[in-house]
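Good morning, and thank you for coming.

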Amino acid sequence: MDPKLLQTILPVVVIVVVMALRFRSMNKVRPLNPNTLWIAPVILVALAAVSLVAAPLSPMGLSIGAVALIVGGLIGWQRGKLIHIDRDPATGKLTQQVSPAAMILLVGIIALRYALRNYFDLTPGSDGKMSAQALMITDALLLFAVGLIVVTRIEMMIRARRIRDQGATGDVAA
């Protein structure tokens, strides 16, 4: 089999399988602890910081990265609002359930990343290094992901604490 074809098909197959499993488990209600929502964003920010310190952004890359971070944050806020948070009246514990719209948004982001990667040919050259343009795009995608995840968790944390403190059942508008 042609390695280029395998390089194109394999990620698509993996994404389809993972998303199929996620869609299957989407109807499950899961416990939510607002006090632990900060862990994943802190790890992601630390990893992004290490990556960006190792290869600092150019002024143009910094501008593009800032826009990507803001856009990621805006989309992350919407994604967070799409996640249903509820309080069990019997136990008082919070639960979460991912909505189909949040999953579709995530699939769209993955598809966009894949399309950008193919369009800009974000693969290392024969010398094993990526072009400056490719590095700028990957840094922007990294900052987009940071904005998306961090702000999604912040939005969820705000709503979860509000629901818990009010003793409300059902979602509270953010």
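What you see is a predicted model, and the chain has a mean pLDDT of 81, with 84% of its residues reaching 70 or more. Within the chain, confidence is highest in helix H3, residues 59-82, at a mean of 93. The lowest confidence belongs to H4, where the mean is 72.

The largest nonpolar core consists of 15 residues, and Leu32, Ile85 and Met156 have the most contacts inside it. Two elements each give two or more residues to this core, namely helix H4 (100-119) and helix H5 (132-166). Of the elements, H5 gives the most, with 4 residues. Apart from this core lies another, of 5 residues, which include Ala68, Ile109, Ala140 and Leu148.

Which residues is leucine 32 in contact with, leaving aside its neighbours within four places in sequence? They are Leu37, Ile85, Leu94, Thr95, Gln96, Met156 and Ala160.

Finally, the surface. Here Trp38, Ile39, Val42, Ile43 and Leu47 make a nonpolar patch of about 490 Å². One of these residues, leucine 47, is found in helix H2, which covers residues 39-54. Is leucine 47 buried or exposed? Leucine 47 counts as exposed because its relative accessibility is 56%, and the term exposed applies to values over 50%.

That concludes my presentation; thank you for your attention.

Definitions and conventions
Residues are numbered from 1 along each chain as its sequence is written. This is a predicted model: local features need pLDDT of at least 70, side-chain atom pairs count only at pLDDT 80 or more; totals for chains, interfaces and linings use all residues. Side-chain values use heavy atoms; hydrogens and water are left out. A nonpolar core is a set of buried Ala, Val, Leu, Ile, Met, Phe, Trp, Tyr and Cys residues joined through side-chain atoms within 4.5 Å. Buried means under 20% relative accessible area, exposed over 50%, partly exposed in between (1.4 Å probe, protein chains only). Contact means heavy atoms within 4.5 Å. Patches are made of residues with over 30% relative accessible area and no salt bridge: like charges are joined within 9 Å, nonpolar side chains (Val, Leu, Ile, Met, Phe, Trp, Tyr) within 5 Å. Accessible areas come from the Shrake-Rupley method with a 1.4 Å probe; for residues, only the protein chains shown count as cover. A salt bridge is a side-chain nitrogen of Lys or Arg within 4 Å of a carboxyl oxygen of Asp or Glu. pLDDT is the predictor's confidence in each residue, from 0 to 100.
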